[in-house]
Amino acid sequence: MSHRIRIVGLADGLLAPENASFEVRGDEHLLCGMERLGRRGIPVGCRGGGCGVCKVQVVAGSYHTRKMSRDCVSSTEETQGYALACRLYPDTDLDIRVVGKMGRAFTKAGPSPSQGGDSVTAGKSPAFDMSWRN
Amino acid sequence: MALTGVLRPGHVALRVLDMEASIHHYTQVMGLLETARDDKGRVFLKAWDEHDHHSVVLREADSAGMDYMGWRVDSNATLEKFAKDIEESGLASDLSWVAAGEHPQTGRRFRFTTSTGHVMELYAEKGKVGNGMPTLNPEIYPDGLKGMSPSRFDHCLLYGDDLDNTMKLFIEILGFTLTEQVIAGPDKLVISAFMTCSNKPHDVAFIRQPCKGKFHHASFLLDNWGEVLKAADLISRNRVSLDIGPTRHGITRGETIYFFDPSGNRNEVFSGGYISYPDRPVLTWTDDELGRAIFYHDRKLNEAFLSVVT
Ligand code: FES
Ligand SMILES: [Fe+2]
């Protein structure tokens, strides 16, 4: 038994791309289904309910979850449909909104010189984001 | 004794969401050996070639991450001296003594929190349970090893904000040597520091990020590249969550693979690296070459590797 998962919204209120849906098998969690089909949309991190980058909100459908880190999903959020995709098992077709984001450890710089890129541009834009210190 | 003061990272205490799944991961897939459970439900483990009673402590909790990291020092006199030096330095907070026996077969531990928000402890005594072989005319490894079977717990990489004072604490107070660093921007701000108390490329490393007490990975030593590839096989065989690898680091030169335990704590197994004597010049990487510094083959920054922590 598999269920169809539709991504209806992305983080920062961005609209989901057309056809942002995938099938999840009965024996796998939502993130696993997405990855197995080579689909994208939900950030993939630890796949163990610990890091929080795969956080989603279910807006339609029913599901159950396995234990998730309280640092990532509070008990209030849990009652509002928030869950970690890597601990979320669909019981029906679902509509979800992506909430989690990959932390911004670094800025998107140009390719580094050793990658064959333009060393002048690469040198000018620091790869690591330290703007939080200002 | 030429190596004095802090001898080695002696243990790492991790929070796990599901103890049963974690025990399976750490003993059956990684091949650590369970040495004790206590009345608080904590599970103590060691790698096969460690003589001390335990090097990994698991505690079931409602979040993942690291509770603390412990360091073995050479004697009780050193332990007391460090406790005094740390207190006088003002570089750490929440200083306390944990009573002997709070960890099985372990003496009292001096506990403190670094400016990056990581709880560390020093101790001088932990029972020697051996590595499964005699010390007189031994073999080279014991029978019955399982899984990846690393020989020891090796180091941690941690994320926190005030890297400067944490470096000061480790280098000036605890006698560590800086082996490699990553600098960023026109001010050459140090954004990552690799430090050793021995002559490994690192015993602990930090990355400067706007957080406190975050855990990137705990690492365990394998013998060679073939064992790293075998670890990769076991990761797929056991459907373990793979992060990245097998590959090679520029920093430390280690051959490595990263994966996650069932609660999302990142593990590394690795081999290789150089010997660092205290007079070895510090290696410096600039952030525009960070891709090659971290993953020497890929030469690209990997967003998930750098961003995902517990
Ligand atoms: S990927 Fe880390 S919590 Fe889901
Ligand atoms: Fe490492």
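User: How many nonpolar, polar and charged residues are in the lining of the second largest pocket?

Analyst: This is a predicted model, and in it that lining has eight nonpolar, four polar and five charged residues.

User: And how much space lies in the second largest pocket?

Analyst: About 400 Å³. The lining is made of 17 residues, and A:E35, A:R40, A:V44, A:R47 and B:A304 are the closest to the centre of the second largest pocket.

User: Which elements each supply at least two residues of that lining?

Analyst: α1 of chain A does, together with β14 of chain B.

User: OK, on to the largest pocket. What's its volume?

Analyst: The largest pocket comes to about 910 Å³.

User: Which residues lie nearest its centre?

Analyst: A:H29, B:N238, B:R239, B:V240 and B:S241 do, out of 32 lining residues.

User: Which elements give two or more residues there?

Analyst: From chain A, α1 (30-36). From chain B, the elements are α1 (19-29), α4 (225-237), β14 (241-248) and β15 (255-260).

User: Where do the chain B residues come from in terms of domains?

Analyst: Domain 1 (6-123) and domain 2 (154-307) of chain B each give at least three residues to the lining of the largest pocket.

User: How does that lining divide by class?

Analyst: You get 14 nonpolar, eight polar and ten charged residues around the largest pocket.

User: Switching topic: how many cavities of 30 Å³ or more turn up in the whole structure?

Analyst: Three. The largest cavity holds about 240 Å³ of space.

User: Which residues are closest to the centre of the largest cavity?

Analyst: B:L157, B:F194, B:H249, B:I251 and B:I294, from a lining of 23 residues. Elements of chain B that give two or more residues to this lining are the strands β9 (152-160), β11 (189-196), β12 (204-208) and β16 (266-271), plus the helices α5 (290-294) and α6 (303-307).

User: What classes do the residues of that lining divide into?

Analyst: Around the largest cavity there are 15 nonpolar residues, seven polar and one charged.

User: And the second largest cavity, what volume does it have?

Analyst: About 40 Å³.

User: Which residues line the second largest cavity?

Analyst: The residues around the second largest cavity are B:D154, B:P201, B:H202, B:T252, B:G254, B:F270, B:G272 and B:G273. By class, two are nonpolar, five polar and one charged.

Definitions and conventions. Residues are numbered from 1 along each chain as its sequence is written. Chains are lettered from A and ligands numbered from 1 in the order in which they are written. This is a predicted model: local features need pLDDT of at least 70, side-chain atom pairs count only at pLDDT 80 or more; totals for chains, interfaces and linings use all residues. Side-chain values use heavy atoms; hydrogens and water are left out. On a 1 Å grid over the protein atoms alone, a cavity is a set of points where a 1.4 Å probe fits but cannot get out, and a pocket is an open set with protein on both sides within 12 Å along at least five of seven lines; lining residues have an atom within 4 Å of a point. Grid points are joined across faces, edges and corners, and a volume is the space filled by probe spheres set on the points. Helices (H or I, at least four residues) and strands (E, at least two) are DSSP runs, numbered from the N terminus. Ala, Val, Leu, Ile, Met, Phe, Trp, Tyr, Cys and Pro count as nonpolar, Asp, Glu, Lys and Arg as charged, and the others, Gly among them, as polar. Domain bounds come from an automatic or database domain assignment.
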